Amino acid sequence: MPANLTQQYLKAEQRYKAAGTDEERLDALEEMLREIPKHKGTEHLQADLKKRRSKLKAAIEGGGKKAGGGKHVDVFHVPKSGTGQVALVGMPNSGKSAIVAAMTNAHVHVADYPFTTDKPAPGMAKYEDVQIQLVDAPPITADFVPPGLVNTYRNADMLAIVIDLAGAVLEQMEVCTAYLDSHKLILNETKTPSLLRGTPPLQGESCLDRATHLGRKTFVIATKADIAPAGTLDTLKELTERPFEYIEVSAETGAGLDILIQRIFEMLDVVRVYAKKPGKEPDMTDPFTLKRGSNVHDLAYLIHRELADKLKTAKAWNSPNAYDGQNVPREHILSDKEIIELHFG
Ligand SMILES: Nc1nc2c(ncn2[C@@H]2O[C@H](COP(=O)(O)OP(=O)(O)OP(=O)(O)O)[C@@H](O)[C@H]2O)c(=O)[nH]1
Ligand SMILES: [Mg+2]
């Protein structure tokens, strides 16, 4: 009997698969159990979900009581959430936490003394109908960087160097790029522009490519524009050889923050796709996001791994390459804001 799983269920399942912690997994499982259609065809699946739920609850409670010696928690590992993860890099007092505080709901500490932040902290920033994760981080200096911090940056999709325009801009740029270079963290754009996200390799993109290119797309947030001496950013650009993109903001006044989040979304290079069930209206509030260049089959795989190969046909709306309601093949490349109806055999 077909399970007829709802889109809410499939989204919760997607969340379950992407979860980085047991708590996130449990939350997603609870939603899957709420959303699963209750009939004979899903009995096995319901039983399996309940079994997984009990195991997770036991693991979480066990961890809380520190039974079995307690498990090690890596504070520098920030589980990914949302459309993409951008981690901030900068010297003490440069204004990293103020940016995260201004753009997200995270409770980060902003203060006028250095070394305020001692571990990475994520927050979610809204861009139109997607959420992008920004990660505040402890500062780096020429003499000291917390050893675990490199893992935070390796895990991120993109890196943002935060430069305080009212401070010693060249020194900040030098310290940040030297640190990132020492760990090969800055992506060489001319070589591998597509290796940014944790999605399966594209055709022609080998696992070896992924292993040897640890770099992340890196840009600069030039902050404290409200108190910067005139011409500072131009001087910084002139004296920095690398072709970074610079986005000028003030966390204090909010100037430039709307452009910042828009550019982050564009640089993440993803498309939003709204899934539609035959005969139903599409859910236009909560898109799936896929790396640009993904096709209909990739979407089917993202929505339901087991069903992807049973994909029979698909119809597209709002596509620049098809008329509304046109049948499209599984190789059809998805565009931003496209609506797709999947038919499984
Ligand atoms: N005028 C102005 N002040 C800012 C701006 N952004 C941050 N500040 C101030 O700069 C100081 C440092 O800001 P934080 O956001 O705590 O800096 P940080 O980079 O997180 O510092 P660490 O945690 O030590 O690495 C605070 O006093 C902020 O109020 C800005 O855009 N304009
Ligand atoms: Mg801070």
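Biologist: Which residues have the most contacts inside the largest nonpolar core?

Modeller: This is a predicted model. Val89, Leu159 and Leu299 have the most contacts inside that core, which has 64 residues. Strand β4, residues 158-164, supplies the largest share, six residues. At least three residues come from each of domain 2 (85-268) and domain 3 (271-345).

Biologist: What makes a set of residues a nonpolar core?

Modeller: The members must be buried, be of the listed nonpolar types, and be joined through C-beta atoms within 7 Å. Another core lies apart from the largest one. That other core has seven residues, among them Leu5, Tyr9, Ala28 and Ile36.

Biologist: Which residues does leucine 299 touch?

Modeller: Leaving out residues up to four places away in sequence, leucine 299 touches Val273, Phe288, Leu290, Ser294, Leu334 and Ile340.

Biologist: Why is phenylalanine 288 called buried?

Modeller: Burial needs 20 or more other C-beta atoms within 10 Å. Phenylalanine 288 has 23 such neighbours, so it counts as buried. This residue lies in strand β8. With residues up to four places away left out, its contacts are Val273, Ala275, Leu299, Leu302 and Ile303. Phenylalanine 288 and threonine 83 are 205 residues apart in sequence, yet their C-alpha atoms are 8.7 Å apart.

Biologist: Lysine 291 is in strand β8, residues 288-291. Is lysine 291 buried or exposed, and how do you know?

Modeller: The cut-off for buried is 20 or more. Lysine 291 has 20 other C-beta atoms within 10 Å, so the label is buried. From lysine 291 to leucine 334 the sequence separation is 43 residues, and the C-alpha distance is 9.4 Å.

Biologist: What does helix α4 give to the shell around ligand 1?

Modeller: Helix α4, residues 96-103, gives the most, with three residues. In total 23 residues surround ligand 1. The closest are Ser97, Asp112, Thr117, Pro139 and Glu252.

Biologist: How do the residues of that shell divide by type?

Modeller: The shell around ligand 1 has nine nonpolar, nine polar and five charged residues.

Biologist: How do you know that the span of helix α6 agrees with its length in residues?

Modeller: The expected span is 1.5 Å times one less than the number of residues. Helix α6, residues 169-182, has 14 residues and should span 20 Å; its end C-alpha atoms are 20 Å apart, so the two agree. The buried residues of α6 are Val169, Gln172, Val175, Cys176, Thr177, Tyr179 and Leu180. They pack against β1, β4, β5 and α8 (232-239). Lysine 184 follows α6 and has a positive phi, near 55°.

Biologist: Why is aspartate 269 called partly exposed?

Modeller: Partly exposed lies between the limits of 12 or fewer for exposed and 20 or more for buried. Aspartate 269 has 17 other C-beta atoms within 10 Å, so it is partly exposed.

Biologist: What makes lysine 337 partly exposed?

Modeller: Its count is 16 C-beta neighbours inside 10 Å, so lysine 337 gets that label. Lysine 337 lies in the loop between β10 and β11 (338-344). Its phi is positive, about 70°, although lysine 337 is not a glycine.

Biologist: How do you know that alanine 322 counts as partly exposed?

Modeller: Alanine 322 has 17 C-beta neighbours inside 10 Å, so it counts as partly exposed. Its place is the loop between β9 (311-317) and β10 (326-328). Alanine 322 touches Ala316 and Val328, with residues up to four places away not counted.

Methods:
Residues are numbered from 1 along each chain as its sequence is written. Chains are lettered from A and ligands numbered from 1 in the order in which they are written. This is a predicted model: local features need pLDDT of at least 70, side-chain atom pairs count only at pLDDT 80 or more; totals for chains, interfaces and linings use all residues. Helices (H or I, at least four residues) and strands (E, at least two) are DSSP runs, numbered from the N terminus. Domain bounds come from an automatic or database domain assignment. Two residues are in contact if their C-beta atoms, placed from the backbone, lie within 7 Å. A residue is near a molecule or strand if its C-beta atom, placed from the backbone, lies within 6 Å of it. Ala, Val, Leu, Ile, Met, Phe, Trp, Tyr, Cys and Pro count as nonpolar, Asp, Glu, Lys and Arg as charged, and the others, Gly among them, as polar.
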